[in-house]
Amino acid sequence: MAISTEIVGKEFGPFERDYTFRDLEICALGCNAGFDGKTDLQYVNEGDAENPQLKVLPIFGVPLTVNEEMTRTLDYGYDYSGSLHYGFEIKLHAPFKMSDHISTFVTQDALYDRGEGRGCLSKQTGRSYSADGTHLCTVETWDVCINDGGWGGPKPPKDIVEIPECPPDAVITEVMPYNMPLIYRLMGDWHQQHIDWSYTQQTGLERPIAHGVSLGGFTMRHIIAAWFPGEPERMKRFKTRITSPVLPGTTLSTLMWKVGPKEIRFQLVDADYLETGAKPHLNYGICEWE
C-alpha cells in the first residue's frame, strides 16, 4: 500500500478502557517498580484491595493512546513490520483514580517524509477523559515507519531540545530485567518485536527489545525519586525521543540536568556509555513539575 494522507486531521475514537488498581500496578511493574522488593513500592502496594491507595506512575496515561488498537485503527498504508516508536510527550491535567472508565480520542495530526530509507514519520495526539468527563491527560506520539520513506510528503519540522554540556546534577543507575517487556506488553502494546525472538532477529537484533514507553516509565521513576520523591502527582509534562533500542539485561543510567526551578533535561544511557560511546536510548528529554 502507498502512504495515504486522507486521515490527516481526522479524529478517531473513543477508544474505551476500564481499569482498576491492578492495571496501575501492572503498568508500574512493567516499568521495573519494586525490582528489588523494596524500591518504589508506592506504585505497586495498594495497602487494602477493598480501598486501594496507590501512587500512580504518570506514564500510565501514555498507553491509553499508544496501544495496538490505536495503531491498527489509524492505518495510513504503512508497513507495520517496519514501524518503530519515535517519541512521545504527555501533559497531565488531573489525577488518575484507583479505578475508572477512560475514553480516549486520537487525532492524526500529520504525516512527514524523512526520505528514502529513513521512513515516514507520523504524529498523533490522544486526549483521555475519565467517566465523569474530566480531561486527564494529553499524549502526543510519534512513529517512524522505516520502510515507507520517499513517498513525496512534507519534511518534518525541527524539534530542538538542548541537553546541557556539563556533568549531570543527578544520576540513577538500575538494571533492566529480562522480563520487563513481557510485563509491560500487558498494557496493550502487543508488537512481536518485544517478545518473539525469531521476529526480532530478522531485524538484526539478538533478542526482543524493550518498549519505548516502558523506558519512559523506568526513567520517570528515577526523576520522581531524585526531584520530588513520593509525589508523582506533581508531574505535569514529560517528553522524550526514543533514539536506540534497549536489550533486556542492560544496566541503564538516567542522567538529569536541572535547568529551572521545576524543570530538568534528561537522557537514558548505558551505564558504561562514557567508555563505549554508545548512543542514548532516550534523548532530548524534558520533565516539568509543579
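1. N32 lies in the loop between helix 1 (21–29) and helix 2; helices (H or I, at least four residues) and strands (E, at least two) are DSSP runs, numbered from the N terminus. Phi of N32 is near 75°, which is a positive value in a residue other than glycine. N32 counts as buried because its relative accessibility is 4%, and buried means under 20% relative accessible area, exposed over 50%, and partly exposed in between (1.4 Å probe, protein chains only).

2. A word on the basis of these notes. This is a predicted model, in which local features need pLDDT of at least 70 and side-chain atom pairs count only at pLDDT 80 or more, while totals for chains, interfaces and linings use all residues. Residues are numbered from 1 along each chain as its sequence is written, and side-chain values use heavy atoms, with hydrogens and water left out.

3. Two further backbone details can be looked up. Y284, found in strand 10, has a positive phi of about 55° although it is not a glycine. Y284 is partly exposed, because its relative accessible area is 33%. In strand 1, where P14 has its place, a cis peptide bond joins G13 and P14, with omega about 10°.

4. Ten strands form an open sheet with antiparallel pairing, in the order 1-3-4-5-2-7-10-9-8-6; two strands pair if DSSP finds at least two bridges between them. The edge strands, strand 1 (11–19) and strand 6 (170–175), each pair on one side only. From one strand to the next the twist averages 20°, where axes are lines fitted to C-alpha atoms, for helices over the stretch in contact, and angles run from 0 to 180 degrees between N-to-C directions.

5. The pairing can be followed from strand 6. Strand 6 pairs with strand 8 (residues 251–260) in the antiparallel sense over six bridges, and T173 stands opposite S253 in strand 8. S253 also has a bridge partner in strand 9, namely V269. Strand 8 and strand 9 pair over eight bridges and form a hairpin with two residues between them. Five bridges join strand 9 to strand 10, with E263 opposite E288 in strand 10. Eight of the eight residues of strand 9 are buried.

6. What does K262 contact, leaving aside its neighbours within four places in sequence? K262 is in contact with R234, C287, E288, W289 and E290; contact means heavy atoms within 4.5 Å. K262 has its place in the loop between strand 8 and strand 9 (263–270), and is partly exposed, with a relative accessible area of 40%.

7. The largest nonpolar core has 52 residues, and those with the most contacts inside it are I59, F60, F96 and F238. Such a core is a set of buried Ala, Val, Leu, Ile, Met, Phe, Trp, Tyr and Cys residues joined through side-chain atoms within 4.5 Å. Helix 5 (residues 212–227) gives the most to this core, with six residues. Apart from this core lies another, of 13 residues, among them I3, F12, L74 and V106.

8. Not counting residues up to four places away in sequence, F96 touches Y19, V56, F60, G61, L64, L136 and C137.
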